[in-house]
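Please open the structure in the viewer and keep the selection panel at hand.

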Amino acid sequence: MSPLHKDLLSTILQFLKYENLQDTAHALERETGIFFDAKHFEIMVLGGKFDEAEKYISGFTDMHENLDSTRIFFELRKQKFLEALDRKDRPKALDVLTKELQDFSRYNERLFRDATKLLTMDDFRKHRTLRSYGDPKIERIHVMNALKTFISDNPAFKGKMDPPTGRNASLLRLLVRGDLDGSTSMTRDFTFSGRS
């Protein structure tokens with residue numbers, strides 16, 4: 001992406017946030033990969049919105065891009081699986097296992113077998129590796145702490161963690177809300193007539 005395009009997208013993003021168009025701003029972040037809003041991501045994870053968190057982070061990295069990226073996707077899906085088990089929602093847990101966790105069996109074959117075994121248990125916390133698993137809301141905090149490490153160490157997020165500067169926000173505000181009839185000195189040379 002050229003520096004000019006990056007500056008323009010940063011300006012638009014700043015303006016969207018200034019105008020409190022948060023959903024649009026986050027969609028632009030995800031679609032362009034220009035800025036990763038760690039706080040937005042954290043709110044989704046802590047709120048148990050794992051599908052939304054995965055969709056957002058997919059704008060910045062691919063599941064198999066590097067080991068840190070793989071770990072991010074794994075932690076999100078694992079937590080979604082465990083929370084389905086905690087709610088006794090076995091159909092949802094089975095769905096997560098077969099459609100989402102199976103992607104990681106190529107890294108660890110035993111993982112899929114162990115997860116399948118958890119589906120058959122009355123209380124998954126009796127499994128030797130999950131005895132300390134507590135309240136899902138508390139567990140999300142632990143997951144988020146791990147995710148912060150994977151994100152900060154991940155080269156895919158290099159240069160995408162700094163919020164865009166607001167140096168051009170006033171210009172964009174002027175263009176959007178200002179006088180667009182061509183009478184200002186900044187816009188008089190630009191028309192949409194197709195003629196120069």
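Select Phe124 and Tyr133 to begin: both residues are buried, where buried means under 20% relative accessible area, exposed over 50% and partly exposed in between, with a 1.4 Å probe and protein chains only. The model is a predicted one, in which local features need pLDDT of at least 70 and side-chain atom pairs count only at pLDDT 80 or more, while totals for chains, interfaces and linings use all residues. Residues are numbered from 1 along each chain as its sequence is written, and side-chain values use heavy atoms, with hydrogens and water left out.

**Aromatic rings**

A pair of aromatic rings is described by the distance of the centres and the angle of the planes. Rings of Phe, Tyr and Trp (its six-membered ring) pair if their centres lie within 6.5 Å; planes under 30 degrees apart count as stacked, over 60 as edge-to-face and the rest as tilted. By this rule there are eight aromatic pairs. The ring centres of Phe124 and Tyr133 lie 5.3 Å apart with the planes at 65°, so this pair is edge-to-face. Next, select Phe36, Phe41, Tyr56, Phe60 and Phe157, which ring pairs link into a cluster.

**The whole chain**

Now colour by secondary structure. Helices (H or I, at least four residues) and strands (E, at least two) are DSSP runs, numbered from the N terminus. The protein chain has nine helices and zero strands. Of its 196 residues, 38% are buried. Taking a contact as heavy atoms within 4.5 Å, residues 24 or more positions apart account for 60% of the contacts with a separation of 6 or more.

**The nonpolar cores**

A nonpolar core is a set of buried Ala, Val, Leu, Ile, Met, Phe, Trp, Tyr and Cys residues joined through side-chain atoms within 4.5 Å. The largest one has 37 residues, and Phe41, Phe81 and Leu147 have the most contacts inside it. Two or more residues of this core come from each of α3 (38-46), α4 (50-57), α5, α6 (90-99), α7 and α8. The largest share, eight residues, belongs to α5. Centre the view on Leu147: not counting residues up to four places away in sequence, Leu147 touches Phe41, Val45, Ile72, Glu75 and Leu76. A second, separate core has seven residues, including Ala25, Leu28, Ile34 and Phe35.

**The largest pocket**

On a 1 Å grid over the protein atoms alone, a pocket is an open set of points where a 1.4 Å probe fits, with protein on both sides within 12 Å along at least five of seven lines; lining residues have an atom within 4 Å of a point. The volume of the largest pocket is about 430 Å³, as the space filled by probe spheres set on the points. Helices α5 (67-86), α7 (109-120) and α8 (136-152) each supply at least two lining residues, and α5 gives the largest share, six. The lining divides into 11 nonpolar, five polar and five charged residues.

**Two loop residues**

Finish at the loops. Asn20, between α1 (3-18) and α2 (22-32), has a positive phi of about 60° although it is not a glycine. Asn20 counts as exposed, at 58% relative accessibility. Lys88, in the loop between α5 and α6, has a positive phi of about 65° and is likewise not a glycine. With 54% relative accessibility, Lys88 counts as exposed.

How values were computed: Nonpolar A, V, L, I, M, F, W, Y, C, P; charged D, E, K, R; others polar.
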